[in-house]
Amino acid sequence: MPEGPEIRLAADKVARVLVGNPVVEVEFGLPSLTRHKKRLTGATVIAVDTRGKAMLTRFDNGLTLYSHNQLYGKWFTMRRPRRPKTGRQLRVGLHTDTHSALLYSASDIEVLTAGGLAKHPFLNRVGPDILDANLTADAILERLTSTRFHNRALGALYLDQAFLAGIGNYLRSEILWAAGVDPGLRPSQLEIAVLRAIARETLAISRRSYRTRGVTAPPKQAKERKALGMSYGQYRFQVFGREGLDCYACGTPIQRKTMGSRNLFVCPDCQ
């Protein structure tokens with residue numbers, strides 16, 4: 001399932017064709033949305049933001065198009081009048097004079113006023129977006145040590161969107177390996193120096209994955225592995241998906257566990 005970096009990259013793609021341009025035509029594939037066509041037609045997109053795995057397309061008239069369920073949904077952007085070759089069903093089409101942003105297959109879509117946005121149950125439940133430019137390692141440390149989260153096992157906590165929005169399965173494995181911590185431990189069991197390391201790695205690896213389009217390994221290491229002929233799936237990650245292969249740090253075989261009903265990859269020696 002796409003995680004925060006992938007959702008943000010999709011938002012960037014949509015922003016490039018929509019932001020600053022009036023929407024001259026609106027299409028909706030869900031009957032519940034058609035009543036909003038008139039209000040969005042002629043409005044200008046001013047921003048395309050993300051909150052974890054949700055995308056927020058904001059208009060200058062105060063309305064926001066909220067779309068979630070990115071496991072199934074997919075945005076396409078292209079010059080008009082082209083359409084993608086896909087068997088998916090169109091849910092939203094936003095067209096400027098020159099380009100189109102087309103959302104297929106997603107089902108969790110709403111058009112929200114400012115008041116509706118402020119009261120939205122998902123947006124009120126999730127924590128800070130992991131790629132928010134204003135998020136700091138100190139803010140993550142504060143959440144790790146808060147009474148709300150400090151007694152949760154890290155492996156479970158790092159899939160809870162109420163803790164941080166946008167972290168999913170591969171980021172969880174990569175962050176906890178880089179910080180050298182056992183996923184079964186709770187923040188309350190760890191020294192403050194270890195918690196600071198977790199906070200730093202959380203921010204660094206999430207932002208690196210966004211910059212590199214999914215590569216969480218340090219750039220130099222990823223480049224060296226690629227030069228050796230390793231596949232993308234092998235050189236992009238340190239531990240995720242590498243069950244039975246040697247840990248890049250110590251040579252111990254990577255193990256796959258299940259935590260939170262999802263696969264979690266660890267090095268039993270490093271962690």
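**Packing of helix α5 and the surrounding model**

The buried residues of α5 pack against α6 (154-157) and α8 (192-211), where buried means under 20% relative accessible area, exposed over 50% and partly exposed in between (1.4 Å probe, protein chains only). Contact is taken as heavy atoms within 4.5 Å, and helices (H or I, at least four residues) and strands (E, at least two) are DSSP runs, numbered from the N terminus. The structure is a predicted model, in which local features need pLDDT of at least 70 and side-chain atom pairs count only at pLDDT 80 or more, while totals for chains, interfaces and linings use all residues. Residues are numbered from 1 along each chain as its sequence is written, and side-chain values use heavy atoms, with hydrogens and water left out.

Helix α5 itself spans residues 137-144, and its buried residues are I140, L141, R143 and L144. These four lie on the same side of α5 because they cover an arc of only 160° around the axis, the arc being that of the directions from the helix axis to the C-beta atoms. On the other side of α5, D138 and E142 are exposed.

A nonpolar core is a set of buried Ala, Val, Leu, Ile, Met, Phe, Trp, Tyr and Cys residues joined through side-chain atoms within 4.5 Å. The largest one has 26 residues, of which I140, L144, L154, Y158 and I198 touch the most other members. Helices α5, α6, α7 (169-179) and α8 each supply at least two residues of this core. Apart from it lies another core, of 25 residues, among them V26, L30, A101 and L103.

Which residues does Y158 touch, leaving aside those up to four places away in sequence? The list comprises I140, L144, F163, I167, G168, R172, I175, I198 and T202. Both Y158 and F163 are buried.

Aromatic contacts come next. Rings of Phe, Tyr and Trp (its six-membered ring) pair if their centres lie within 6.5 Å; planes under 30 degrees apart count as stacked, over 60 as edge-to-face and the rest as tilted. By this rule there are nine aromatic pairs. F76 and Y104 make an edge-to-face pair, 5.5 Å centre to centre with 90° between the planes. F76 belongs to strand β5 (residues 74-79) and Y104 to strand β7 (residues 99-104), so this pair ties together parts that are 28 residues apart in sequence. F76 counts as buried at 16% relative accessibility, and Y104 is buried with a relative accessible area of 6%. The pair of Y158 and F163 is tilted, at 5.2 Å centre to centre and 55° between the planes. Elsewhere, ring pairs link Y170, F237, F240 and F265 into a cluster.

A charge sits over a ring if NZ of Lys or CZ of Arg is within 6 Å of the ring centre and within 35 degrees of the ring normal. R225 lies over the face of Y248 at 3.5 Å from the ring centre, and R242 lies over the face of Y248 at 3.9 Å.

What of the cysteines? A search of the whole structure finds zero disulfides, a disulfide being a pair of cysteine sulfur atoms within 2.5 Å. C250 is in no disulfide, and the nearest cysteine sulfur, that of C267, is 3.5 Å away. C250 is partly exposed, with a relative accessible area of 34%, whereas C267 is buried, at 1%.

Several loops deserve a look too. In the loop between β2 (45-51) and β3 (54-59) sits K53, which counts as buried at 11% relative accessibility. The C-alpha atoms of K53 and E27 are separated by 23 Å, with the two residues 26 apart along the chain. P81 lies in the loop between β5 and β6 (90-95), and the peptide bond from R80 to P81 is cis, with omega near 5°.

Positive phi angles occur at R213 and S261, although neither is a glycine: about 60° for R213 and about 65° for S261. R213 is in the loop between α8 and α9 (219-227) and counts as exposed at 59% relative accessibility. S261 is in the loop between β9 (255-259) and β10 (262-266), and counts as exposed at 71%.
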